[in-house]
Amino acid sequence: YLWARHRIKTLGDYERLDHGDERKQEITRLGLTYNLLTAYTSFVAVDDVVRNATGKVTKIKLPLPLPQGVSNNAVGGDVSTVPEPETYLLISIIGVMFLYMGWKHFRKMAPERWR
């Protein structure tokens, strides 16, 4: 296993320099032969024993304690829907900018008597 790991690592280093099908196939072959995880292989655990023969799903709510010092806000409880003060400031600044631009445009387009 140690040799195969080292060989896969070496081939992977060469693979970064120059992509080639031969190296890819060799890495895949070594990973499958020695049951090692590589860039081209992965493993999925499959259990052959059927645990729920009826197929009926049962939902169970389990209360999980939060770490000390962590509030319910960490999981979405009691979240305030009021915007932050910075949001109000940004909206105010944008509003003033639009009012100023509109006023300038009105003065430019208005007849002399409205000035």
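The largest nonpolar core of this predicted model has six residues, namely A4, I8, L11, I27, L30 and L36, where a nonpolar core is a set of buried Ala, Val, Leu, Ile, Met, Phe, Trp, Tyr and Cys residues joined through side-chain atoms within 4.5 Å. Buried here means under 20% relative accessible area, exposed means over 50%, and partly exposed lies in between, with a 1.4 Å probe and protein chains only. Helix 1 and helix 2 each supply at least two residues of this core, and the largest share, three residues, comes from helix 1. In soluble globular proteins, nonpolar side chains tend to be buried together. For L36, once neighbours within four places in sequence are left aside, the residues in contact are Y1, A4, R5, I8, G31, T41 and F43, contact meaning heavy atoms within 4.5 Å.

Residues are numbered from 1 along each chain as its sequence is written. The model is predicted, with local features needing pLDDT of at least 70 and side-chain atom pairs counting only at pLDDT 80 or more, while totals for chains, interfaces and linings use all residues, and side-chain values use heavy atoms, with hydrogens and water left out.

The protein has three helices and zero strands, where helices (H or I, at least four residues) and strands (E, at least two) are DSSP runs numbered from the N terminus. Helix 1 has 16 residues and reaches 23 Å from its first C-alpha to its last, close to the 22 Å expected at 1.5 Å a residue; the expected span is 1.5 Å times one less than the number of residues. Its buried residues are A4, I8, L11, G12 and E15. Seen down the axis of helix 1, these fall within an arc of 110°, so they line one face of the helix, the arc being that of the directions from the helix axis to the C-beta atoms. What covers them includes helix 2, whereas the face turned away from the buried side carries the exposed residues L2, W3, H6, K9, R16 and L17.

Rings of Phe, Tyr and Trp (its six-membered ring) pair if their centres lie within 6.5 Å, and planes under 30 degrees apart count as stacked, over 60 as edge-to-face and the rest as tilted. By this rule the count comes to three aromatic pairs. The rings of W3 and Y34 have centres 6.3 Å apart and planes at 65°, so the pair is edge-to-face. Because W3 lies in helix 1 (residues 2–17) and Y34 in the loop between helix 2 (21–33) and helix 3 (85–109), the pair ties together parts that are 31 residues apart in sequence. W3 counts as exposed at 51% relative accessibility, while Y34 is partly exposed at 28%. Ring pairs link Y1, W3 and Y34 into a cluster. In helix 3, Y100 and W103 lie three residues apart, about one turn of the helix, and their rings have centres 6.2 Å apart and planes at 35°, so the pair is tilted.

For the protein as a whole, the radius of gyration is 32 Å, whereas a compact globule of 115 residues would have one near 13 Å; the radius is taken over C-alpha atoms, and the globule rule is 2.2 Å times the number of residues to the power 0.38. Buried residues make up 10% of the 115 residues.
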